[in-house]
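Reader: I am new to this structure. Please pick one part and take me through it closely, then show me how it sits in the rest.

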Amino acid sequence: NFFPNLQARYDVDKTMVARAAYSTAIARPGFNQVTPSLTVDPAANIVSSGNPNLKPITDNAFDFAVEKYLPFAGIVSAGLFDKEFKNYIVNRVTSQTFPNNGLFAGFVGVAHVVSYDNVRQAHARGIELNYEQHLPGLPEMLDGLGLDANYTFVDSEFAIRPGEKSTLPSTSS
């Protein structure tokens with residue numbers, strides 16, 4: 001695989017910098033995601049399995065940020081990002097009926113089969129805001145204190161199935 005990366009930096013003035021980047025990456029499935037072994041839990045009617053046919057996730061990422069350097073080692077910054085994923089790996093839960101014998105002894109009715117699958121496309125887009133400022137002139141006991149605040153808004157999405165979408169795991173709505 002070939003993963004190009006392009007970065008640019010522009011010094012607007014002595015205290016302000018603009019940065020832009022385009023990057024690509026790959027993330028291979030974890031061992032538990034590709035192992036074909038089964039975990040069978042008849043009491044909960046659940047079968048778990050990896051998927052040895054998973055493809056790695058690839059992404060094209062676009063980032064833009066502006067940083068303003070403040071006196072006393074402070075900074076205020078804002079950034080925009082867009083991550084476009086192909087073959088994103090998600091949990092899949094399907095239903096299946098198993099024979100009530102052998103490995104599946106104890107299963108009654110329909111069982112939930114938990115595995116992994118690739119979805120064709122997914123994205124994560126958003127903004128990042130940051131402020132950090134050391135507070136000068138404080139009494140010696142409080143010298144070195146400062147303020148630090150940041151905020152990130154993420155809009156993420158992938159198609160669970162045609163017409164049904166969800167946010168990416170571990171991202172807020």
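Author: Start with Glu-67. Its relative accessibility is 16%, so Glu-67 counts as buried, the limit being under 20%. This is a predicted model, and every value here is computed from it.

What does the side chain of Glu-67 meet? It meets the side chain of Arg-19 in a salt bridge, at 3.2 Å from N to O. Glu-67 belongs to strand 5, residues 57-70, and Arg-19 to strand 2, residues 16-27, so the pair ties together parts that are 48 residues apart in sequence. Side chains of opposite charge can pair when their charged atoms come close. Arg-19 is partly exposed, with a relative accessible area of 31%.

Stay on strand 5. Asp-63 forms a salt bridge with Lys-83, and the closest N and O atoms are 2.9 Å apart. This pair, too, links distant parts of the chain: Asp-63 is in strand 5, Lys-83 is in strand 6 (residues 74-97), and 20 residues separate them. Asp-63 is partly exposed, at 26% relative accessible area.

Now look beyond strand 5. The whole structure holds seven salt bridges. Asp-82, Glu-84 and Arg-125 are linked in a network of them. Lys-165 and Glu-157 also meet through their side chains, at 3.6 Å from N to O. Lys-165 is exposed, with a relative accessible area of 55%. Glu-157 is partly exposed, at 29%.

Charge is one side of the picture. A nonpolar patch is another. Val-76, Tyr-131, Leu-135, Met-141, Leu-142, Leu-145 and Leu-147 make a nonpolar surface patch of about 630 Å². Leu-135 sits in the loop between strand 7 (110-134) and strand 8 (146-161). Leu-135 is partly exposed, at 31% relative accessible area.

From the N terminus, the order is β-β-α-β-β-β-β-β-β-β. Take contacts between residues at least 6 apart in sequence: 59% of them join residues at least 24 apart.

Last, the overall form. The radius of gyration is 24 Å, whereas a compact globule of 173 residues would have one near 16 Å. Along the principal axes, the C-alpha atoms fill a box of roughly 75 × 45 × 30 Å. Buried residues make up 25% of the 173. The chain exposes about 11500 Å², with 58% supplied by carbon and sulfur atoms. Glu-67, where we began, counts as buried.

Terms used. Residues numbered from 1 in each chain as written. Predicted model: local features only at pLDDT ≥ 70, side-chain atom pairs only at ≥ 80, totals over all residues. Heavy atoms only, no water. Patch = residues over 30% accessible without salt bridge, like charges linked within 9 Å, V, L, I, M, F, W, Y side chains within 5 Å. Areas by Shrake-Rupley, 256 points an atom, 1.4 Å probe, with all protein chains shown as cover. Salt bridge = Lys/Arg side-chain N within 4 Å of Asp/Glu carboxyl O. Helix = DSSP H or I, 4+ residues; strand = E, 2+ residues; numbered from the N terminus. Buried < 20%, exposed > 50% of the residue type's maximum accessible area, 1.4 Å probe, protein only. Rg over C-alpha atoms; globule rule 2.2 N^0.38 Å. Contact = heavy atoms within 4.5 Å.
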